[in-house]
Amino acid sequence: MNSETKTCKNCKKNFQIEPDDFGFYEKMGLQTPDLCVECRAQLRHIFRNERNFYKRNCDLCGESMITIWSPNKETPIYCVACWWSDKWDPYEYGASYNPARSFFEQVGDLYKKVPKPALVGMRNVDSNYVNYVADCNRCYMIVESSNNEDCIHCYWIQLSKDLVDCSFTNKVERSYESDDCYDSYGLLYSKSCHSCTDSYFLLDCRGCTDCIGSINLRNKSNCIFNIQYSKEEYEKIKKEMRLDTHSGAEDLRKKFALFIKDKPRKFAEATNTVGSTGNYLVNVKNSRNCFHSYNGEDNAYSVHLWREAKDCFDCHTAGRSVEKIYNSTNTGIQASNCICCHNCWSSNFVEYSFNCPNGNNLFGCMAIKKGTYSILNKQYGETEYKKIRAEIVDALKKKNKYGEFFPKELMLFGYNETTAMEEFPLSREEALAQGFKWEDTPRGTYGQETKKSDEIPNSIGDVDFDVTKEIFSCRECDKNYRIIENEFLFYKKLAIPLPRLCPDCRHGLRMSSRGPNKLWHRACMCDKSNHVHGGEKCDIEFETSYAPERPEIIYCEKCYQQEVY
């Protein structure tokens with residue numbers, strides 16, 4: 001089947017329905033979308049607040065709690081313990097489907113009434129202020145993560161331990177300010193590294209130990225700025241760098257940025273991939289336009305697919321043996337056949353539902369746990385359920401809406417609270433003009449600091465005050481922040497200077513360094529005569545997240561491999 005060009009009904013730009021897409025839509029019983037990839041993603045993101053936290057009281061037990069829902073939201077919010085408890089019954093909010101009304105109007109009514117969890121998570125132990133997190137122990141302020149221990153201020157980490165300010169790690173331990181790293185230990189200020197140990201400021205290195213300020217190294221040790229030294233020379237230069245001080249670390253950060261400026265980069269961070277396009281891919285097969293995905297197959301237009309995710313299209317976070325997931329967020333742990341769902345873990349044949357773990361055959365449901373054959377939180381027998389479901393699907397298909405995510409009219413978050421702000425930033429005026437909400441509730445405090453950034457000692461060893469009792473102000477945004485005891489102990493253990501930026505600004509820097517979840521068609525920039533293409537410029541083309549106007553030197557796979565050390 002040939003590709004089809006359509007015009008997005010939202011942004012009016014043309015987009016392609018690729019030949020492989022038709023097979024997926026047919027398999028899932030879906031219509032082809034009327035929205036482009038970006039507009040489909042934006043709709044999913046506006047229902048998702050990951051990192052904006054507030055204080056309010058639980059609407060069931062009355063206790064004060066930390067939550068992603070601001071106090072002015074007119075919807076019931078329960079603390080995590082109450083939400084998971086048997087103290088309330090989500091079926092009490094059930095309503096019969098009315099064919100004379102729009103399905104989205106009816107599900108919107110339910111969405112406003114049914115209690116929502118203060119934070120999203122399950123099976124976490126001694127872990128405070130974590131969101132979209134499962135199976136973690138002794139963690140603090142981590143988001144979108146699972147199976148970790150003793151981690152602080154991290155984002156999207158898996159099977160990791162003893163980390164601070166890290167993101168997108170898998171099986172990484174005792175590391176700081178590192179991103180997109182795998183199977184590593186003792187990495188500081190590093191990015192896109194595999195199987196590396198006890199190193200500082202590395203970029204795209206593999207199997208390296210005791211290296212500093214280096215790029216594109218393979219199985220090296222005692223290297224500084226890609227120059228090989230003896231063990232004694234390495235230790236002497238490392239000591240002179242004073243990496244245990246703020247001034248020393250910042251000086252090396254600047255020198256490293258200059259050093260890598262003229263070094264070639266591979267067109268994509270991709271390891272062991274077959275027939276796939278995107279960025280930050282590991283062990284991926286037949287996947288298109290996917291970003292941060294590992295051990296996945298036959299997926300498309302998705303972000304954060306992991307651990308045996310298969311046949312997932314237009315998804316944001318799906319993993320742990322899931323398949324046939326469409327246009328959904330946070331659907332994991334052996335889930336299958338889910339369409340337009342949000343936080344429906346371990347569920348099967350669930351559609352247009354929110355916060356429904358371990359469900360089967362649910363349609364338009366909210367907060368149903370282990371439920372079956374339910375529509376709009378009302379339970380039916382199997383035969384009647386299938387009849388009403390077919391009626392709703394038929395009505396949606398007549399308007400070409402079946403498979404389109406919940407409309408923006410149902411959103412309760414402000415646009416600036418959601419992950420849409422990171423992916424598709426808008427000003428307040430732009431967001432309101434496009435029909436989105438905006439949240440004006442202040443978040444965080446300003447002007448209450450007891451220590452300004454210029455009052456923080458250069459070295460962690462020179463700190464002579466109780467860090468945990470002080471309030472700091474961010475050097476970048478002036479927001480106040482604290483340092484908890486376990487965080488301070490981590491800095492002391494690794495001889496890391498106290499941070500001058502708040503956690504949000506630190507997170508923002510890591511995210512901005514990753515580049516957008518978007519691809520451009522470009523050609524290899526290599527013109528070296530000693531490469532396989534000889535005296536002519538390489539003519540290999542590819543899809544890359546490096547926009548044409550970016551300054552980096554981008555190589556194809558073959559040319560890049562001839563440049564690694």
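**Exercises on a predicted model**

A search of the whole of this structure, which is a predicted model, turns up 0 disulfides.

**Exercise 1.** Determine which residues of helix α6 are buried, and explain how they are placed around the axis of α6.

*Solution.* First locate the helix: α6 covers residues 246-259, and its 14 residues reach 20 Å from the first C-alpha to the last, close to the 20 Å expected at 1.5 Å a residue. Then list the buried residues of α6, which are His246, Gly248, Ala249, Leu252, Phe256 and Phe259. They cover an arc of only 160 degrees around the axis, and therefore they lie on the same side of α6. The general rule behind such a pattern is that an α-helix has 3.6 residues a turn, so residues three or four places apart point the same way. On the other side of α6, by contrast, Lys254 and Leu258 are exposed. Finally, ask what covers the buried residues of α6: the cover includes strands β15 (197-203) and β16 (209-215) as well as helix α5 (231-241).

**Exercise 2.** Describe the place of serine 146 and the polar contacts that its side chain makes.

*Solution.* Serine 146 belongs to strand β9, which runs over residues 143-146, and serine 146 is buried, with a relative accessible area of 3%. Its side chain makes a polar contact with the side chain of asparagine 147 at 3.1 Å, and another polar contact, at 2.4 Å, joins the side chains of serine 146 and glutamine 158. Once neighbours within four places in sequence are set aside, the residues in contact with serine 146 include Cys136, Leu159, Trp306 and Arg320.

**Exercise 3.** Find the edge strands of the open sheet that runs from β20 to β29, and state in which sense β24 and β25 pair.

*Solution.* The sheet has 10 strands, in the order β20-β21-β22-β23-β24-β25-β26-β27-β28-β29, with mixed pairing. Its edge strands are β20 (270-274) and β29 (378-379), each of which pairs on one side only. Within the sheet, β24 (residues 322-332) and β25 (residues 336-339) pair in the parallel sense over 3 bridges, and glutamate 323 stands opposite serine 336 in β25.

Notes: Residues numbered from 1 in each chain as written. Predicted model: local features only at pLDDT ≥ 70, side-chain atom pairs only at ≥ 80, totals over all residues. Heavy atoms only, no water. Helix = DSSP H or I, 4+ residues; strand = E, 2+ residues; numbered from the N terminus. Expected span 1.5 Å × (residues − 1). Buried < 20%, exposed > 50% of the residue type's maximum accessible area, 1.4 Å probe, protein only. Arc of directions from axis to C-beta. Contact = heavy atoms within 4.5 Å. Disulfide = S-S within 2.5 Å. Polar contact = N/O pair within 3.5 Å; in protein donor to acceptor, adjacent residues only side chain to side chain. Pairing = 2+ DSSP bridges.
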